[in-house]
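Dear colleague,

Please find below the structure that I am handing over to you. My notes on its charged residues follow.

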Amino acid sequence: MDETEFWELVDGTREAAGGDPEDQADLLVDRLLQLDPDMVLDFARHFEARYNRAYSWDLWGAAWVLLDGASDDAFDFFRCWLIGQGREVFEGAVHDPDGLAELLGDFDEEVDGDGEELGYAADEAYEQLTGTVAPDLGIAPAPSEPEGSPVDFENEGSLAERFPRLWDRFKE
């Protein structure tokens, strides 16, 4: 599976789910079950590589503003959700997290921002196809700390200064 096929699966399931991340995860498992196990592992590698790439302080700060706070787990689930938003939103957010203010349409923190189930879709499909747990993906592990300069999550003035477009759109 190449990168284009990966994003086509992500986009197709998001559109079919009407943007609901839980429904998208279910649809993604269904679509992955139509592939052979090696293709499912390829999908998992693409997903995991992007998940690791999104481990930055700036994206965590953006998630904090959008979600009105983001614990370690909430940020993990946010990164899965961000991948689920498709290539344009994902790449735009990685390049410029504050740009999510323009990249996102409506944002409902009750539904949006939490793609936990998306993170398990490939593992679930692989296990259903093979009856075994997915093997190690053979990709570099995530960094131990987020990339970039730390964000002071408790300082609203600092958040507003660092993420002015997100702050203006989602906090005021």
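**Salt bridges and surface charge**

At 17% relative accessibility, Arg14 counts as buried (buried means under 20% relative accessible area, exposed over 50%, and partly exposed in between, with a 1.4 Å probe and protein chains only). Please note that this is a predicted model, in which local features need pLDDT of at least 70 and side-chain atom pairs count only at pLDDT 80 or more, while totals for chains, interfaces and linings use all residues. Residues are numbered from 1 along each chain as its sequence is written, and side-chain values use heavy atoms, with hydrogens and water left out.

Arg14 forms a salt bridge with Asp11, with 2.9 Å between the closest N and O atoms (a salt bridge is a side-chain nitrogen of Lys or Arg within 4 Å of a carboxyl oxygen of Asp or Glu). Both Arg14 and Asp11 belong to helix H1, three residues apart, about one turn of the helix (helices are DSSP runs of H or I, at least four residues, numbered from the N terminus). Asp11 is partly exposed, at a relative accessible area of 23%.

In total, the structure holds eleven salt bridges. Another of them joins Glu3 to Arg50, with the closest N and O atoms 3.0 Å apart. Glu3 lies in helix H1 (residues 3–16) and Arg50 in helix H3 (residues 37–53), so this pair ties together parts that are 47 residues apart in sequence. Glu3 is partly exposed, with a relative accessible area of 28%, whereas Arg50 is buried, at 9%.

In helix H5 (residues 72–84), Asp76 and Arg79 lie three residues apart, about one turn of the helix, and their side chains meet in a salt bridge (2.6 Å, N to O). Arg79 is buried, with a relative accessible area of 3%, and Asp76 is partly exposed, at 22%. A network of salt bridges links Asp96, Asp98, Glu102 and Arg165.

There is also a negative surface patch, formed by Glu22, Asp23, Asp26, Asp30, Asp114, Glu117, Asp123, Glu124 and Glu127 (patches are made of residues with over 30% relative accessible area and no salt bridge, like charges being joined within 9 Å). Helix H2 (21–32) and helix H8 (121–130) are the elements that give two or more residues to this patch. The largest share, four residues, comes from H2. Glu127 is found in helix H8 and, at 44% relative accessibility, counts as partly exposed.

Yours sincerely

Note on methods. Patch = residues over 30% accessible without salt bridge, like charges linked within 9 Å, V, L, I, M, F, W, Y side chains within 5 Å. Areas by Shrake-Rupley, 256 points an atom, 1.4 Å probe, with all protein chains shown as cover. Lys, Arg positive; Asp, Glu negative; His and termini not counted. Charge placed at Lys NZ, Arg CZ, Asp CG, Glu CD.
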